[in-house]
Amino acid sequence: MDSTVSVSKGCFVFKKPNKEKNNKRRSKKQLTTNQPEAELWHTTYIDVWNNIKSKIDDLNGSIYSKFISDTVNFMTKSNITTNQSIPTACLLTGVNLPDHESLFGLLATNLEKSQPPVIVATLFSEHFSSVKNAVISMVSQLLHTDDDESDSDEEMDESLNFVVKRSECTISNLIEWYSNQPNGTRIAVLVKDYEMCQQTVLQNFILLLSCYIKEIPIVMAIGIATSISNLHNSLPHHVVTKLKVKMFVSEASVVFLNNIMDQVFLKPDCSFYLGGRILDYVTEVFLYYNFSIKQFIESLKFCLIEHFYRKPLNCICVAHESAQEALFNSLDKKTLEEITKLRSTNYKLKIDSNFKENFLRLIRELKACINDFYIGLRVLHILVADLPHSPLGTKLREMYCTAMKKHIIDDTSYKTCLQLLKFLSKDDLLAKFDKIIHVLKNVKNNQRTKDALKLVQSYVKSLEESHLNNLVIEKEKPKEKPKESLQAISRSQFKKILIENVKNEDNQPMTEFEKARSETLDNFTEIILRQFLVPPTTMPLNELLIFDDLPSIKRKIVGEDRAAQYTAFINPQHYLCCDCCELEFTEQIFKTMPDISIVYKLHLESRFDQINIYDWLQKFISIVGPSQNDNDNDDDIDPVLQSRFVRALNELQHLGYIRPSKYKADHVQRLTCGSC
């Protein structure tokens, strides 16, 4: 059975081997096979990902800590009275449904470690098909906690069948079992997906538990993805009165996204650099598809694999400087020639005696450029994040995507930001520069940052010394030009003359602060930001460090089912890799093709939405069974061919390409148009 490679493998039962046999197999495999860890790309990927994963776990733990601790305190310390009211924590977790499982798993782990001890049972929507099924699922989980932990879910299910029978999973047995537990022990029932549960079953389940609150101290936690009003609207009053509800609100998914990008990926100590297009795409998938941090991290993990997979040059660039030279010497000539063909080098890097020195020098310059880029990006974020209408966005990741694609200083959005900055008050502008100074002081071993810090301090000094009321008197004023008369002329000429008159009007005199503010912002932009915000994608060898290959991952992160099905039906040789189905042109149909491919290509030939099944069958038989004589009676159809045709039709209907017609019994209606 273990050798099964069928697509429907999940439909069969695979018994897990004994632990002793499994351990023997593993030890033997380690001795006889080559481990993938020995490859350079895999070891580099493991090191980089472990570093990233540890930072993400620490960050998520710190964000979840208050939410989890407050919930645990309520469920462990709330008073359980005898008035049949169950302490219930309503967890507003948002619509990021794929992350709910990890959140409830973290909550269950913290409850089990708490004092006094709490024994947890987690129920899902599928458990609420009936009250009996919900009680059996709850009791079986609670009674099984005394046994040793199993290594897998399969072992847990198998051992559960021997320890607890379904007929024994009753409330009376639960009360008897609880009498043997330590004093102060509580029972926690976690309902993960409240909206998907059958409400009548859940109501009766809550009423049942409230009847036994005197014998068993039960607390509940209910996960709600929408709002707390949904709880009160779906449960009747006599059920709500049985719950002592307290609401706990989790952070939004976007908060986790921003923190992960700011604190992990957009920092110089991260060894994996994302391109602007890649980050734009994975963020768009997150915001418009699932709101799942878990899937967002998995997408970045896949990008990391794609970046390092069998690419020794990328691995060398990430390695420490002390190991780069030794790794470079192990490369063959073919790999070295790939460096000279990179678009960023513009064929200027040639293989000669100084090739290794030039390569390592360019890598050091690229890493220095990336470090300066991150510093400039955080300075820019301080400067423009809170401006009205947010021309460059409010998040660091938004500015990163824009700045990676082109020099952000030349962007029209930044010019708009610069105009808004020139309206800031003295206190607001000085507060921004104080934060910028704090960022620059935290950077160590960077000469460019030290020079920038001195300039910013001089700008701050000039701003502090400038007066708000003293007007600046210009020594020489430009001669006034006579205004042109606005006579009745064409619209375009009228607009041109109006603009010229506005330009020639006398500007209001500027105060010392206004002049200092304007000069400071202009100099800060041209001298500091322009140097720090050079896009790393314009540097040589940037392809080796920055992953921005969007076409290679676009279809792999978000699969296009219809496109894959269309390719499989039209050209099955694309996936089967067989010679018998190789096409010279798309319209060809061979009898060796799969039946569903033949039926699909025949259904595309119909010019109408309604397709006659009998005519369709005759065309199918003419292709797959051409040996049948034309003189034979049409009613004498080979039942094998007919059954093959019907099965292919059912598969097309299951995939949503056709459906039975409402008007004619011997017709089907096509639900797609052409190649859609």
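The protein exposes about 39,100 Å², and carbon and sulfur atoms supply 51% of this area; accessible areas come from the Shrake-Rupley method with a 1.4 Å probe, and for residues only the protein chains shown count as cover. This is a predicted model, in which local features need pLDDT of at least 70 and side-chain atom pairs count only at pLDDT 80 or more, while totals for chains, interfaces and linings use all residues. Residues are numbered from 1 along each chain as its sequence is written, and side-chain values use heavy atoms, with hydrogens and water left out.

**Overall make-up**

The protein has 29 helices and ten strands. Helices (H or I, at least four residues) and strands (E, at least two) are DSSP runs, numbered from the N terminus. Of its 676 residues, 42% count as buried, where buried means under 20% relative accessible area, exposed over 50%, and partly exposed in between (1.4 Å probe, protein chains only). Among contacts (heavy atoms within 4.5 Å) between residues at least 6 apart in sequence, 73% join residues at least 24 apart.

**Nonpolar cores**

A nonpolar core is a set of buried Ala, Val, Leu, Ile, Met, Phe, Trp, Tyr and Cys residues joined through side-chain atoms within 4.5 Å. In soluble globular proteins, nonpolar side chains tend to be buried together. The largest such core here has 126 residues, and F265, F272, F359 and F524 have the most contacts inside it. Helix α16 (residues 355-384) gives the largest share of this core, 17 residues. Leaving aside residues up to four places away in sequence, F524 touches V379, L383, F433, I436, V456, Y459 and L529. A second, separate core has 40 residues, among them I171, V201, L202 and L235.

**Strands and sheets**

Five strands form an open sheet in the order β2-β3-β4-β1-β5, with parallel pairing. Two strands pair if DSSP finds at least two bridges between them. The edge strands, β2 (118-123) and β5 (243-249), each pair on one side only. On average, neighbouring strands of this sheet are turned by 20° against each other, direction ignored; the axes are lines fitted to C-alpha atoms, for helices over the stretch in contact, and angles run from 0 to 180 degrees between N-to-C directions.

Strand β10 (residues 667-670) has antiparallel partners in β8 (residues 610-612) and β9 (residues 658-660). A hairpin of six residues joins β9 to β10.

| Strands | Sense | Bridges | Residue pair |
|---|---|---|---|
| β2 and β3 (residues 186-191) | parallel | six | V118 and R186 |
| β8 and β10 | antiparallel | three | N612 and H667 |
| β9 and β10 | antiparallel | three | R659 and Q669 |

In a regular strand the side chains alternate between the two faces of the sheet. Both faces of β10 are covered: H667 and Q669 are buried on one side, and V668 and R670 are buried on the other.

**Cysteines**

A disulfide is a covalent bond between the sulfur atoms of two cysteines. Counted as a pair of cysteine sulfur atoms within 2.5 Å, disulfides number zero in this structure. C315 is in no disulfide, and the nearest cysteine sulfur, that of C317, is 9.0 Å away. The sulfur of C317 has that of C315 as its closest cysteine sulfur, and 9.0 Å is too far for a bond. C315 is buried, with a relative accessible area of 1%, and C317 is buried at 0% relative accessibility.
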